[in-house]
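Visitor: Please give me a close look at a single part of this model, and state each cut-off once as you go.

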Amino acid sequence: MSETITDYQPRKDLLKDKVILVTGAGDGIGRVAAKTFADHGATIILLGRTTAKLEMVYDEIEAAGGPQPAIFPMDLNEARIETFEHFAEAVDQEFGRLDGLLHNAGLLGQRTPIANYHYGTWQQVMQVNVNAAFGLTKTLLPMLENSEAGSVIFTGSGVGLKGRAFWGAYAVSKFATEGLMQVLADEMDGVSNIRVNSINPGATRTNMRATAYPGEDPQTVAAPEDIMPTYLYLMGDDSRGVSGKQFNAQG
Ligand code: NDP
């Protein structure tokens, strides 16, 4: 069963003193989520593939008066378990804590029938959308355990809830994402302060959406800013005790 948050009014200091990692923070939904979390008081770790984009988000957060963020360039397609282990050590050394983890980075891959799908592209999509999320989660769990109320958010998709033709590895990776969310939430249940949920953003005005729907007028779909209430709700303490749930960010 999907959940929806309506009329959520977050406090301005909702995320004060929290350290939050956002993957794919340089563009699209991740960029806006990083800036929105910072605007509500969080120190943001910006992880992404393109350093110049991360630097722009860094500057935007600083210019808005948010807590000083940190930049960690990482190509999740190239990352291996050692990469994630070193990253977790670096986060521990620099911040000594982690309160939130937004798995947002994603790769669309091809829009083509399974019969034509390129094997290498399939593996890349699964690596970025699923394996990297597993690697980051596994290595960062000990730090999240130390948080008073850690929150892990995975990013799903409508095609990861009901399969559709030509969405290939992307759809399959999003089904796997929901599975990872559910397994982890069940493992945390009753033994940990960590809550684990997923968000389906719904049609949102980003480069990925424009690539998937080239004929669509971008102005007819929601802006990333419009879907932030669900992200804030799940990242902040108002959602304590909520776990194992799949949210739709649009009604
Ligand atoms: P964008 O393509 O606009 O942004 C994706 C982000 O992920 C970019 O910052 C990109 O980095 C980063 N990324 C991609 N590959 C890698 C990699 N190998 N290593 C590190 N970072 C990487 O997509 P959206 O903002 O639209 O999507 C965000 C999430 O929301 C995704 O998980 C997507 O599947 C999901 N989603 C989006 C919907 C929509 O309508 N927009 C609908 C449903 C789900 P760079 O900028 O450097 O390329």
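Guide: Two strands pair if DSSP finds at least two bridges between them; helices (H or I, at least four residues) and strands (E, at least two) are DSSP runs numbered from the N terminus. The model is predicted, so local features need pLDDT of at least 70 and side-chain atom pairs count only at pLDDT 80 or more, while totals for chains, interfaces and linings use all residues. Residues are numbered from 1 along each chain as its sequence is written, and side-chain values use heavy atoms, leaving out hydrogens and water.

In the order S1-S8-S7-S6-S5-S2-S3-S4, eight strands form an open sheet with parallel pairing. Its edges are S1 (2–4) and S4 (70–73), each of which pairs on one side only. From one strand to the next the twist averages 25° (axes are lines fitted to C-alpha atoms, for helices over the stretch in contact; angles run from 0 to 180 degrees between N-to-C directions). Ser2 has Gln246 in S8 as its bridge partner.

Helix H3 (residues 81–95) packs on the sheet and touches S2 (19–23), S3 (43–48) and S4, its direction making about 170° with that of S4; contact means heavy atoms within 4.5 Å. Another helix, H5 (residues 168–188), lies across S6 (151–155), S7 (195–200) and S8, at about 160° to S7.

Phe84 is a residue of H3. It counts as buried because its relative accessibility is 3%, buried being under 20%, exposed over 50% and partly exposed in between (1.4 Å probe, protein chains only). Beyond residues up to four places away in sequence, Phe84 touches Met74, Leu76, Ala79, Ala132, Gly135, Leu136 and Thr139. Pro218 is 134 residues from Phe84 along the chain, and their C-alpha atoms are 35 Å apart.

For Asn77, a backbone N or O atom is 3.5 Å from a nitrogen atom of the ligand. A polar backbone atom of Gly202 is 3.4 Å from an oxygen atom of the ligand. The ligand taken alone exposes 890 Å², and the protein buries 93% of that (Shrake-Rupley method, 1.4 Å probe).

Notes: A polar contact is a pair of N or O atoms within 3.5 Å; within protein, one must be able to donate a hydrogen and the other to accept it, and residues adjacent in sequence count only if both atoms are side-chain atoms.
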